[in-house]
Amino acid sequence: MNDQAIEQAIQANGKTAARVTPADIEAEITHTYYVNVGEAHHAKWPDPTAADEHHPSIDLLTICVLVLKNGFTVTGESACASPENFDAQIGQDIARANAINKIWPLMGFRLRDQLAAKASE
């Protein structure tokens, strides 16, 4: 079940209390960056003196960096096991989904903190 399906189930069950929604997560993201590690290595980035020889497995590794409103960054990764199955867009989609999964607990903590502060007023 994906985030949208879960949100639909929550709404269908009339759960209207404060919560973090997929829209809240998306609204928190200001910038999205993707790095294919193999391409970065070929470009000699970030270190032009890197001595490691290129290993073909790094061509299958995609990293997504999400920048949030407050400047905090979260990362997600996607590594394809079989070179024949590698697809850059699918790798980006999976890496982004993995990064978003890391935002949920952060925003849940923020919301719980806000609720606790409100309850103690």
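Modeller: The side chains of glutamate 7 and arginine 19 form a salt bridge with an N to O distance of 2.5 Å, a salt bridge being a side-chain nitrogen of Lys or Arg within 4 Å of a carboxyl oxygen of Asp or Glu. The pair links distant parts of the chain, 12 residues apart, with glutamate 7 in helix α1 and arginine 19 in the loop between α1 and α2 (22-28); helices (H or I, at least four residues) and strands (E, at least two) are DSSP runs numbered from the N terminus. This is a predicted model, in which local features need pLDDT of at least 70 and side-chain atom pairs count only at pLDDT 80 or more, while totals for chains, interfaces and linings use all residues. Residues are numbered from 1 along each chain as its sequence is written, and side-chain values use heavy atoms, with hydrogens and water left out.

Glutamate 7 is buried, at 8% relative accessible area, whereas arginine 19 is partly exposed, at 26%; buried means under 20% relative accessible area, exposed over 50%, and partly exposed in between (1.4 Å probe, protein chains only). Leaving aside neighbours within four places in sequence, glutamate 7 is in contact (heavy atoms within 4.5 Å) with Arg19, Thr21 and Pro22.

The structure holds 4 salt bridges, and among them is the one between arginine 110 and glutamate 28, whose closest N and O atoms are 3.1 Å apart. Because arginine 110 lies in helix α4 and glutamate 28 in helix α2, this pair ties together parts that are 82 residues apart in sequence. Glutamate 28 is buried, with a relative accessible area of 8%, while arginine 110 is partly exposed at 33%. Another salt bridge joins glutamate 77 and lysine 102 (3.7 Å, N to O), and this pair links strand β3 (residues 73-79) with helix α4 across 25 residues.

Turning to the core, the largest nonpolar core has 13 residues, and Ile25, Ile29, Leu66 and Ile103 have the most contacts inside it; such a core is a set of buried Ala, Val, Leu, Ile, Met, Phe, Trp, Tyr and Cys residues joined through side-chain atoms within 4.5 Å. Both β2 (61-68) and α4 (88-119) supply at least two residues of this core, and α4 gives the most to it, with 6 residues. Leaving aside neighbours within four places in sequence, the contacts of leucine 66 include Ile29, Phe72, Val74, Ala99, Ile100 and Ile103.
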